[in-house]
Amino acid sequence: MPRKSLTLYRFRQSGHSHRVELFLSLLGLPFEKVEVELGKGQHKTPEFLARNPFGQVPVLVADGLVLADSNAILVYLASVYDQDRRWYPVDPSRAAAVQCWLSVAAGPLLMGPGHARLVGIFNAKHDLARAHATARQLFEVMDAHLRIEGGFFVGAKPTLADVALYTYTAHAPEGHISLDPYPAIRSWLQAVESLPGFVPMVRTESRFGQQEGM
Ligand SMILES: N[C@@H](CCC(=O)N[C@@H](CS)C(=O)NCC(=O)O)C(=O)O
């Protein structure tokens, strides 16, 4: 297995950053963390924009190779370090199923629970009602899928789908979204949290406070 020097540019409250940090940890890969202070605009400096013109975290530098976009980074890490391809299956139908959930993580998971959380913790100007409606629709689909599929999103073992979906689902209560109505999602969160190498993302105080069942 190639041993590269890995540097992760991240922000501690960024779920996209945590997604990558979680996978590095699940793979048992040592890496250096560089905190990018979004509040101070460090992601919009010429130096950072040279690494990612979108001015967003995370960015991973692997032996000089600069990679942006959390899901692209997950695919890269799985392709290089998981020789058995357990996390990103070679089988076309399973690979497509994983890719489908990566798209969900970049779409409704961000627009729903992700945006609601930004309202809760940073008072962001997103439409909260719309974010809540998106989250409700998404979590109903995810919960129903998990009831049929069993333990994880694509089969009985964890894949990149679970890594990509974990953080913004687990932190949905920070956006005033209860996970109480979704028992299959709650069991799945526990299953991810039980994986060897699991690391949590820091909980952030939300303007909605902590409520029962959240
Ligand atoms: N598609 C990107 C989205 C990354 C993203 O939205 N990062 C946020 C932090 S969670 C960010 O850097 N926001 C600052 C900005 O967009 O200016 C990914 O998956 O990495």
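Predicted model: local features only at pLDDT ≥ 70, side-chain atom pairs only at ≥ 80, totals over all residues.
Q: Which residues surround the ligand?

A: A residue counts here if one of its heavy atoms lies within 4 Å of the molecule. In this model the ligand is surrounded by Ser-14, His-16, His-43, Lys-44, Gly-55, Gln-56, Val-57, Pro-58, Asp-69, Ser-70 and Tyr-168.

Q: How does that shell divide by class?

A: Gly is counted among the polar residues in this scheme, and Tyr among the nonpolar ones. The shell around the ligand then has six polar, three nonpolar and two charged residues.

Q: How much of the ligand's accessible area does the protein cover?

A: On its own the ligand has 510 Å² of accessible area, and the protein covers 73% of that.

Q: What space does the ligand take?

A: Rolling a probe the size of a water molecule over the atoms shows where empty space is left. In this case the ligand takes the space of the largest pocket, which holds about 650 Å³.

Q: Which lining residues are closest to the centre of the largest pocket?

A: The lining has 26 residues, and those closest to the centre are Ser-14, His-16, Gln-56, Val-57 and Tyr-168. Each of these five residues also belongs to the set that surrounds the ligand.

Q: Which elements give two or more residues to the lining of the largest pocket?

A: They are helix H1 (15-26), helix H3 (70-81) and helix H5 (108-122). H5 gives the most, with five residues. By class, the lining divides into eleven nonpolar, eleven polar and four charged residues.

Q: Is the peptide bond from Val-57 to Pro-58 cis or trans?

A: The omega angle is the value to read. For the bond from Val-57 to Pro-58 omega is near 5°, and the bond is cis. Pro-58 is in the loop between helix H2 (46-51) and strand S3 (59-62). Both Val-57 and Pro-58 are among the residues that surround the ligand.

Q: What is the phi of Arg-85, and where is this residue found?

A: Arg-85 is not a glycine, yet its phi is positive, at about 50°. The residue is in the loop between H3 and helix H4 (92-106).

How values were computed: Residues numbered from 1 in each chain as written. Heavy atoms only, no water. Areas by Shrake-Rupley, 256 points an atom, 1.4 Å probe, with all protein chains shown as cover. 1 Å grid on protein atoms, 1.4 Å probe; cavity = no way out; pocket = protein on both sides within 12 Å on 5 of 7 lines; lining within 4 Å. Sits in = over half its atoms within 2 Å of the grid points. Points joined across faces, edges and corners; volume = space filled by probe spheres on them. Helix = DSSP H or I, 4+ residues; strand = E, 2+ residues; numbered from the N terminus.
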